[in-house]
Amino acid sequence: MIKSIETILADVPTIRPHKLSVTTMSTQTLVLVRVRCGDGVEGWGEATTIGGLNYGEESPESIKTNIDTHIAPLLIGMEASQVAKAMAKLRKAIQGNRFAKCAIETALLDAQARRLGIPLSELLGGRVRDELPVAWTLASGDTAKDIAEAEKMLELRRHRIFKLKIGARAVADDVNHVLAIKRALGDAVSIRVDVNQAWNELQAIEAITALEAGGVDLIEQPVPAHHKAAMARLAQRFSVPLMADEALQGPLTAYDYATSAAADVFAVKITQSGGLVQAGQVATVAQLAGVALYGGTMLEGGVGTAASAHLFSTFADLSFGTELFGPLLLTEEVLQEPLVYKDFMLQVPTGHGLGVAVDTDKLGRLRRH
Ligand code: MUC
Ligand code: MG
């Protein structure tokens, strides 16, 4: 039986300002959900947003309020081992709130996998890999600093795929910034850009022409999510792969984008998809349509990153790797044992459930009261 659901907000400073076209982050607010069950089993889930309401339509505060006020009362007393039934009830009664639903579903699935004594990946279809390539995002806002940061990551053998956040400045300035980094780091690394919807179609054509010629490997969400037709024209026009991110808000949008040939690659995110099961459906739609896969992040801490890793480990195709570096952008670790990043890969945890343990003493100090 589901006995209690607790939602915790914790503000954790980032290691440096993280500059996106929609906001500059200096802290990340972790929304952690703890589900306690009648049989003594406990499960954890997480949802994060980026910059409050700058990126999407849920904020950390809305996630907590809506779980506490509207979601938890529907679930308390239900059979904890019947996760699909609990989620079906939620999906029927609660509109939207995909991030909140993700945090809840993750906690219920974590508890269920612990109850069964298996890693979460095995509840999600089963892992086909034990480690995942991890990109790092260069977003200090300064070209020289970004180059130095990338060189450090290469030296540490932590990342050799770099995603550059652009779109806040003039197109010519952004193109110069990206190509300077590409020239400095050479061909042994993969350089990608994420525009977070900042360009119109004409700006995108101008920029992508130069970026493609300069050897950039992937262009993420260059135009607004609702400009599906523009995405389709850009995907058709350029050979450099185009990736949809903000446009993907669950299986239906994935189906729409896939059938419109509006992207070559999908960034699968568990929160944006509305939970682990629906994120798996987004991936299935992609694979049926011949769209390549990338494991995305909303810059979650250890819990959400572990949950994402379990799901992404089940993807047959993961040709563009993942960006599950969230915990590494934060100054505080909320897990008792941090996730393992080694030789450019994240190791998928092998223990039961999420395979991670939250440091509740530390969380007690970090949490908002
Ligand atoms: C996004 O739009 O992909 C992922 C990495 C990062 O730095 O920001 C996020 C969000
Ligand atoms: Mg993105």
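**Figure 1. The loop that holds Glu323.** Glu323 sits in the loop between helix H12 (302-312) and strand E12 (341-342). Helices (H or I, at least four residues) and strands (E, at least two) are DSSP runs, numbered from the N terminus. This is a predicted model: local features need pLDDT of at least 70, side-chain atom pairs count only at pLDDT 80 or more, and totals for chains, interfaces and linings use all residues. Residues are numbered from 1 along each chain as its sequence is written, while chains are lettered from A and ligands numbered from 1 in the order in which they are written. Glu323 counts as buried because it has 26 C-beta neighbours inside 10 Å. A residue is buried if 20 or more other C-beta atoms lie within 10 Å of its own, exposed if 12 or fewer, and partly exposed in between, with C-beta atoms placed from the backbone. Setting aside residues up to four places away in sequence, Glu323 touches Val134, Ala135, Thr137, Lys163, Gly295, Gly296 and Thr297. Contact requires C-beta atoms, placed from the backbone, within 7 Å.

**Figure 2. Lys165 and the annotated active site.** The UniProt annotation "active site" (unreviewed entry) covers Lys165 and Glu323. They are spread over 159 residues of sequence yet cluster in space, with a largest C-alpha distance of 12.9 Å. UniProt positions follow the numbering used here, feature names are shortened, and annotations may be inferred rather than shown by experiment. Lys165 lies in strand E6 (residues 161-165). Lys165 is buried because 24 C-beta neighbours fall inside 10 Å. Beyond neighbours within four places in sequence, Lys165 contacts Lys19, Leu20, Ser21, Thr137, Ala139 and Asp194.

**Figure 3. The shell around ligand 1.** Ile50, Thr137, Ala139, Asp194, Asn196, Asp245, Gly296, Thr297, Leu299 and Glu323 surround ligand 1. Each has its C-beta atom, placed from the backbone, within 6 Å of the ligand. The shell divides into three nonpolar, four polar and three charged residues. Ala, Val, Leu, Ile, Met, Phe, Trp, Tyr, Cys and Pro count as nonpolar, Asp, Glu, Lys and Arg as charged, and the others, Gly among them, as polar.

**Figure 4. Helix H5 and its buried face.** Helix H5 covers residues 143-155. In H5, Asp146, Glu149, Ala150 and Met153 are buried. Seen down the axis, these residues fall within an arc of 100°, so they line one face of H5. The arc is that of the directions from the helix axis to the C-beta atoms. On the other side of H5, Ala144, Lys152 and Glu155 are exposed. Cover for the buried residues includes strand E5 (136-138), E6 and H6. Just after H5, Arg157 takes a positive phi of about 55°.

**Figure 5. Helix H7 and its cover.** The 13 residues of H7 (residues 201-213) should span 18 Å at 1.5 Å a residue, and the end C-alpha atoms are 18 Å apart, which agrees. The expected span is 1.5 Å times one less than the number of residues. Ala204, Ala207, Ile208 and Leu211 are the buried residues of H7. Helix H6 (171-185), strand E7 (190-194), strand E8 (218-220) and helix H8 (228-237) are among the elements that cover them. Gly215 follows H7 and has a positive phi, near 95°.

**Figure 6. Leu311 in helix H12.** Leu311 is buried, with 26 other C-beta atoms within 10 Å. Leu311 and Lys269 are 42 residues apart in sequence and 9.9 Å apart in space, C-alpha to C-alpha. Apart from neighbours within four places in sequence, Leu311 contacts Leu124, Ile270, Leu276, Ala279 and Gly280.

Methods:
Contact = placed C-beta atoms within 7 Å.
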